[in-house]
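Welcome, and thanks for opening the viewer. Let's take a short walk through one chain, one selection at a time.

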Amino acid sequence: MADLKELYQQVILDHNKHPRNFHKLEDANRKAEGFNALCGDRITLYVRLENDVITDVGFEGTGCAIFKASASLMTQALKGKTKAEAAALFDKVHKMLTGEMNPNTEGNELGKLAVFSGVCEFPVRVKCATLAWHTLRAALEAKPEVVSTE
Amino acid sequence: MRTAGEMLASAAAESPAGGFDVRKIRDDFPALRQQLYGRPLVYLDNAATTQKPRVVLEAMRGFYERDCANIHRGVHLLSERATQAYEDARIKIQHFLNAALAREIIFVRGATEGINLVAQTYGRANLRAGDEVLITAMEHHSNIVPWQIVCEEKGAVLRVAPMNDQGELLLEEFESMLTPRTKFVSLVHVSNALGTVNPVRELIALAHRRNVPVLIDGAQAVPHLKVDVQELGCDFYVFSGHKLFGPTGIGVLYGKESLLEAMPPYQGGGDMISSVTFEKTTYNSLPYKFEAGTPNIAGTIGLGAAIDYVNQVGLEAAAAHEREVLEYATAAVSRLPGVRLIGTAREKAAVLSFVMEGIHAHDAGTILDRQGIAVRTGHHCAMPVMERFGVPATTRASFAFYNTKEEVEALVAGIHKVLEVFR
């Protein structure tokens, strides 16, 4: 059951219990909603974008530990990043979650987000970890509709 | 953790009271013998689908290896054999439900298609603007959405009878919602998310007193209790083969002959006609009027074999065993710290739905899976039920007659592991 420990690392359990930036952002100028029909994960993501830079980000929602920790750690990683940097980070996260990343040569830029590397061993849980990121993309592209990872 | 052999040995110790021998039954199911992640499979997702006994697999294989032909249209021997086997299955189902007539048994893809058929034929032909269709708060999406579709088209209103905090239908509320505008009642026999067994005979009688026809969704009922459609008095009854140890893609709609006769056809095509010209088509008689196109012949034969198997096991003995397992599981799981049962009706069948404080069902499901325990996590296609209980999702263990108390113990150990990870 070593892979379960890989999946539910302390950092993830901590962010699940005490999600960071877990609040509505009153001065947000970007907002999007995401929904994972498989397990009912639901997120509203708020972004404050100034001159193409994410200056603040917050979220509300309910869902599993992987989803909540992923959203929480994402909000921490985003502050101060430009739209392009955020998009590039999502690409890397996505590669890690789907097991396409070579851990020896890539992944250094991921920082704390590397705690999700165990998710690729649990294919049905990848959607839980990507929901917040898909919702971020929708918020930055200002797509009005509800995002689904289905 | 026990080995598979030890589990089977202890399963045998569960005494074959009244001739019910769970070990012998388990031997009939090839899928139950396997290991997952190096542990014996503990299959507790029977409300989603059941495993199949060898006799079902052999019946389907026998059809494809020996009797494969289309039905009702060949003069050759194989077609005759296939037709015979297909129609034999219909008669088995007629007896299984105690329907008055074999032609009241319509083969469909599953309970979902059965409900859609009634909504799209009876519903479209009979509902008018302002009419009401009454369902309950514990319906599966398959008994909500088909009625929403036809109500929207016809300007009719879908009304929902409420339930209490135990997941029991409120009978007085139900009765008060039967008004002169109510034109149809469609309700679940056994709730898939809560396990509640509804007093359908009484509910049907209430509706019939006002001349309102009733459809019963029996998908979760037929594997657990004896159903007699004449005794219930229902106008329609639907179920799915795959939840009754049969194959997927085959199910049954029972309907009273007089209603089926009056209904327009569902789909057009071959087999549902008696004559076709470009000007006019005369529809075939029952049940073929509702069976357009080449049906799921192998699935039907498999379902017939499943019903033979269930009859051989004996639903009453099976139900008694399941009740013991459910009571054992209910007591054990409700004792666990931070665990709350969702669905605590006095009359329940084979379903144990629960939530764990601070732990999402999906996380619990993943951790249980890695211990070889298959449960369902999520909203169980009953999102309004989740909303009613204020939870996004539940973990659901659902039992069949091949489950054992040892498997319940494995589940309890598995939940302890979940609690440990999230401690």
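How many bridges join E13(B) to strand E14 of chain B? Select residues 351–356 of chain B for E14, and you will find 4 bridges to E13(B), with the two strands running antiparallel. This is a predicted model, in which local features need pLDDT of at least 70, side-chain atom pairs count only at pLDDT 80 or more, and totals for chains, interfaces and linings use all residues. Residues are numbered from 1 along each chain as its sequence is written, while chains are lettered from A and ligands numbered from 1 in the order in which they are written.

Strands (E, at least two residues) and helices (H or I, at least four) are DSSP runs numbered from the N terminus; two strands pair if DSSP finds at least two bridges between them.

Now click Val339(B): opposite it, in E14(B), stands Met356(B).

Next, show the whole open sheet of 4 strands in chain B, ordered E13-E14-E17-E16 with antiparallel pairing. Its edge strands, E13 (339–342) and E16 (376–378) of chain B, each pair on one side only.

Contact here asks for C-beta atoms, placed from the backbone, within 7 Å.

Finally, select helices H4 (residues 77–97) and H11 (residues 297–313) of chain B, whose axes come within 9 Å and cross at roughly 45°. Axes are lines fitted to C-alpha atoms, for helices over the stretch in contact, with angles from 0 to 180 degrees between N-to-C directions. Among the residues making this contact are Ala82(B) and Phe96(B) of H4(B) and Gly304(B) of H11(B).

Conventions. Contact = placed C-beta atoms within 7 Å.
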